[in-house]
Amino acid sequence: YTAKKLGRSRFCYFTPTMQQASESRLRLTNDLRHALIDQQIWVAYQPIVNLATGEIRKAEALIRWQHPTRGLVSPAEFIPIAEETGLITELGAWVFHQVAEQVSNWRIHHHDQFQISINKSPAQFHNIGHKLADWFEHLQRLGLPGGCIAVEITEGLLLDASSIVSDKLLAFKDAGMQTSLDDFGTGYSSLSYLKKYQIDFLKIDQNFVSNLSAGSTDMALCEAIIVMAHVLGMKVIAEGVETVEQRDLLLKAGCDYGQGYLFSKPLTAKAFEKLF
Ligand code: C2E
Ligand code: CA
Ligand code: CA
Ligand code: CA
């Protein structure tokens with residue numbers, strides 16, 4: 001809010017490229033309003049693989065926007081727009097319903113413990129509030145336990161000193177839903193937060209994984225993160241695993257799960273089913 005308030009009383013000089021960028025953003029904002037109705041939005045699923053057994057019993061849901069003229073627009077580009085415009089509420093609800101239906105289907109046909117994780121940005125998380133009850137009700141209607149869904153949040157959220165965040169995390173816990181700490185290592189985590197919030201999964205950010213080699217600093221960091229997470233009762237998921245060498249090093253370090261192009265890119269639900 002502060003940034004917006006400041007912005008109003010500040011002079012702004014637009015260069016032609018800045019103007020182009022903001023016009024293109026404006027167009028994107030308008031397009032996004034129609035994207036859901038026009039069925040341009042879909043959910044991709046990326047497997048989360050048990051490193052020791054190779055089993056796939058988890059997936060991360062990643063939103064996709066197939067724009068009619070621009071092609072695939074990255075969520076990194078349109079999620080912030082959705083947040084500024086409030087469209088994120090609708091988008092988030094839509095993702096949740098898609099995922100609930102998908103996990104129900106895969107539990108029936110493939111594995112009865114299958115779990116899909118969904119991403120929640122800090123702003124989204126703060127707005128979840130009254131919707132939580134609707135979520136749990138929806139799952140119940142589908143005959144699904146809370147554990148079929150994991151919610152991925154980022155470290156910044158845990159810095160919130162108020163009880164709001166811990167209350168919501170507790171509500172997830174009560175409903176049997178699990179939580180994952182996304183992009184670990186890029187934010188401001190502290191051991192005390194990790195202990196306090198009883199997060200179930202810690203996802204090591206791909207920055208640490210991409211340069212893994214025996215004896216490297218990143219290797220030592222990964223090893224330390226894995227030990228720490230296990231002490232705190234968390235399972236560890238390494239993100240951005242692209243090579244066999246990375247996978248082997250992570251497995252040796254005791255990492256529980258891996259996610260990345262080595263195993264599979266994010267896929268359509270139909271393509272994902274071929275992995276079962
Ligand atoms: P994230 O949650 O950290 O998701 C992981 C990103 O890494 C995904 O990018 C995924 O496609 C990519 N990735 C997976 N394996 C590899 C690999 O081996 N190498 C590399 N280089 N990249 C890999 P994506 O799908 O473009 O999503 C970007 C971000 O957008 C996500 O980062 C997440 O923060 C956000 N996002 C995606 N879907 C949603 C959603 O439904 N809601 C919200 N709030 N945010 C979402
Ligand atoms: Ca994520
Ligand atoms: Ca991540
Ligand atoms: Ca990320």
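Helices (H or I, at least four residues) and strands (E, at least two) are DSSP runs, numbered from the N terminus. By that count, D183 is placed in strand 6. This is a predicted model, in which local features need pLDDT of at least 70, side-chain atom pairs count only at pLDDT 80 or more, and totals for chains, interfaces and linings use all residues. Residues are numbered from 1 along each chain as its sequence is written, chains are lettered from A and ligands numbered from 1 in the order in which they are written, and side-chain values use heavy atoms, with hydrogens and water left out.

**Calcium ions**

- Donors are N, O and S atoms within 2.8 Å of the metal (3.2 Å for Na, K and Ca); water is not among the atoms, so sites may look incomplete.
- The calcium ion (ligand 2) is coordinated by E60 (OE), N119 (OD1), E152 (OE) and D182 (OD), at 2.2 to 2.3 Å. Along the chain, the donors of this calcium ion (ligand 2) have the spacing E-x58-N-x32-E-x29-D. E152 lies in strand 5 (residues 149-154) and D182 in strand 6, so this pair ties together parts that are 30 residues apart in sequence.
- Buried means under 20% relative accessible area, exposed over 50%, and partly exposed in between (1.4 Å probe, protein chains only). E152 is buried at 2%, and D182 is buried at 8%.
- D182 also bridges the calcium ion (ligand 2) and the calcium ion (ligand 3), which lie 4.0 Å apart.
- D183 lies in strand 6 (residues 178-184) and E239 in the loop between strand 8 (235-238) and helix 11 (244-252), so the pair ties together parts that are 56 residues apart in sequence.
- E239 is buried, with a relative accessibility of 9%, whereas D183 is partly exposed at 27%.
- D183 bridges the calcium ion (ligand 4) and the calcium ion (ligand 3), which lie 3.7 Å apart. The calcium ion (ligand 4) is coordinated by D183 (OD) and D183 (OD), at 2.9 Å.

**Helix 2**

- The expected span of a helix is 1.5 Å times one less than its number of residues. For the 20 residues of helix 2 (residues 16-35) this gives 28 Å, which agrees with the 28 Å between its end C-alpha atoms.
- L28, T29, L32 and A35 are the buried residues of helix 2. Seen down the helix axis, they fall within an arc of 120 degrees (taken from the directions from the axis to the C-beta atoms), so they line one face of the helix.
- On the other side of helix 2, P16, Q20, L26 and R27 are exposed.

**Salt bridges**

- A salt bridge is a side-chain nitrogen of Lys or Arg within 4 Å of a carboxyl oxygen of Asp or Glu. The structure holds seven salt bridges.
- R25 and E84 form a salt bridge at 2.7 Å, N to O. This pair links distant parts of the chain, with R25 in helix 2 and E84 in helix 3, 59 residues apart. R25 is partly exposed at 34% relative accessibility, and E84 is exposed at 52%.
- E60, E152 and K203 are linked in a network of salt bridges.
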